[in-house]
Amino acid sequence: MSQQQRSLVVLGAGVIGLTAAYLAATDEESSFKITVVARDMPEDMGSQGWASPWAGANWSPMPYGEEDARIARWEKQTFDKFWDMIPTGLVKLLPSSLYARRPETDSDGYARTLWWRDLVKNLHSIPADEIPKSCNIGLGFSTYSVNPSVYLPYLKQELVSRGVAFVKQHVRTIDELLPLTGPEGVLINASSLGSKSLIGVEDQNLFAIRGQTILVQCPGLDQFLQYEIEDHDAGEDATYIIPRPGGAPSDQVILGGVFQVGNWDTSVNMNTAKRIFDSCCKLAPILHSKETRVLSHNVGLRPARQGGPRVEAEWIGIPVTSTHSLLPWTALPENTPKKLLTVHVYGFGPGGYQNSWGACAEAISLLKQHIRQY
Ligand code: FAD
């Protein structure tokens with residue numbers, strides 16, 4: 001079959017699904033007929049059924065790049081891509097200060113141990129008398145942030161202008177996508193936590209990491225500030241302040257947060273909110289200003305996965321099988337293929353934005369590689 005007419009269905013319209021669709025739509029070697037299918041779309045910014053609206057969303061230091069060379073590569077590629085987008089106004093350049101307590105070393109020594117020391121820009125030690133008393137490490141660097149309520153609609157608009165179709169649908173089984181893929185179409189599965197129950201995938205390695213934040217308007221707060229916790233997976237309380245570009249009203253800043261592994265509770269805890277606000281005020285006293293306004297209290301679930309993100313090709317046998325044998329199967333269209341080429345790209349936990357361009361480039365490359373062997 002000519003690659004010119006091949007259908008590509010992207011399941012999921014979070015930052016990962018949209019970025020993957022964008023890379024497929026702009027790929028110079030291929031020409032896909034692309035349809036994005038999702039339950040939550042960039043218009044649904046209040047839905048807690050997906051993660052992307054609730055992100056900070058910036059590059060911040062996390063340990064995963066040290067443990068997984070793929071993540072280090074994806075984060076570097078994504079950092080460079082967002083950095084290049086700063087002149088568009090969609091991405092904000094953030095001067096940053098990271099504070100930590102590591103009594104066994106000093107700021108210079110600590111900086112030398114960091115896997116991300118060459119990833120960020122302008123990494124330097126902060127003078128000891130400018131570091132909060134509770135910490136002994138202070139590092140300055142430059143990073144970036146985006147505003148999900150601006151960035152996701154932007155990606156969708158870019159796709160619509162390139163002829164990509166959007167279908168709002170809750171998909172229970174991969175079979176339901178066959179009328180869209182047709183006999184020789186392919187699938188990118190970017191359904192994040194949805195892949196835990198999606199029949200045909202049912203990835204039981206997925207789990208939620210609950211996050212709670214406060215969105216405020218605070219003119220004059222232009223720095224990313226963070227207390228680094230020692231063990232990211234131990235449920236320690238984090239404190240971070242992330243100014244973001246654009247949006248209405250202007251001067252939006254995210255205050256966070258919590259990192260509660262395995263907690264699926266999407267309700268706001270006001271005791272947590274008070275703890276977040278008080279600890280952020282210690283980092284940035286300007287938050288006490290009369291001009292600061294609370295815009296919303298937020299809870300989102302980070303889509304994490306035992307074993308790390310899944311970026312992998314799979315030939316899914318059709319009709320799909322399930323552990324839920326009582327569920328009825330979808331009526332299959334004529335010319336149904338015996339297997340569907342699927343590239344999974346999900347499970348990015350706390351780093352979906354900061355991995356997005358790199359991980360999705362790898363997903364598209366995997367897709368093209370497998371299509372060539374079709
Ligand atoms: P999602 O955004 O969850 O999107 C999944 C998509 O799949 C949605 O469209 C959904 O509707 C669709 N879907 C799922 N199941 C089905 C189904 N059965 N049928 C149809 N559609 C389906 N990341 C960063 O990089 N930087 C940060 O600063 C940052 N801060 C964060 C702070 C908080 C409080 C939280 C909660 C997250 C944060 N993250 C951050 C993580 C980031 O938000 C996620 O990693 C990222 O949004 C995941 O994107 P995704 O596209 O994989 O999944």
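Are tryptophan 59 and tryptophan 116 buried or exposed? Tryptophan 59 is buried, and tryptophan 116 is buried as well, where buried stands for a relative accessible area under 20%, exposed for over 50%, and partly exposed for what lies in between (1.4 Å probe, protein chains only).

## Basis of the model

This is a predicted model, in which local features need pLDDT of at least 70 and side-chain atom pairs count only at pLDDT 80 or more, while totals for chains, interfaces and linings use all residues. Residues are numbered from 1 along each chain as its sequence is written, and side-chain values use heavy atoms, with hydrogens and water left out.

## Overall form

The protein contains eight helices and 15 strands; these are DSSP runs numbered from the N terminus, with helices (H or I) of at least four residues and strands (E) of at least two. Its C-alpha trace spans about 70 × 40 × 40 Å along the principal axes. For 374 residues a compact globule would have a radius of gyration near 21 Å, and the protein agrees with this because its own value is 21 Å; the radius is taken over C-alpha atoms, and the globule rule is 2.2 Å times the number of residues to the power 0.38.

Of the 374 residues, 55% are buried. Among contacts with a separation of 6 or more, 80% join residues 24 or more positions apart, a contact being heavy atoms within 4.5 Å. The protein exposes about 16,200 Å², of which carbon and sulfur atoms supply 50%, with areas taken from the Shrake-Rupley method and a 1.4 Å probe, and, for residues, only the protein chains shown counting as cover.

## Aromatic pairs

Across the whole structure there are 14 aromatic pairs, meaning rings of Phe, Tyr and Trp (its six-membered ring) whose centres lie within 6.5 Å, with planes under 30 degrees apart called stacked, over 60 edge-to-face and the rest tilted. The rings of tryptophan 59 and tryptophan 116 have centres 5.4 Å apart and planes at 65°, so this pair is edge-to-face. Tryptophan 59 sits in the loop between strand S2 (33-38) and helix H2 (64-67), and tryptophan 116, 57 residues apart from it, in the loop between helix H4 (107-113) and strand S4 (121-125).

Tyrosine 151 and tyrosine 353 form a tilted pair, 6.4 Å from centre to centre with 45° between the planes. Because tyrosine 151 lies in helix H5 (residues 148-161) and tyrosine 353 in helix H8 (residues 352-372), the pair ties together parts that are 202 residues apart in sequence. One aromatic cluster has among its members Trp59, Trp116, Tyr151 and Tyr353.

## Backbone details

Most residues other than glycine have a negative phi, and most peptide bonds are trans. In this model, however, the peptide bond from glycine 56 to alanine 57 is cis, with omega near -10°, and alanine 57 lies in the loop between S2 and H2. Another cis peptide bond, with omega about -5°, joins isoleucine 318 and proline 319, and proline 319 is placed in the loop between strand S14 (310-317) and strand S15 (339-346).

Asparagine 122, in strand S4, is not a glycine and yet has a positive phi near 60°; its relative accessible area is 53%, so asparagine 122 counts as exposed. Serine 192, also not a glycine, has a positive phi of about 45°, and serine 192 is found in the loop between strand S7 (186-189) and strand S8 (206-217).
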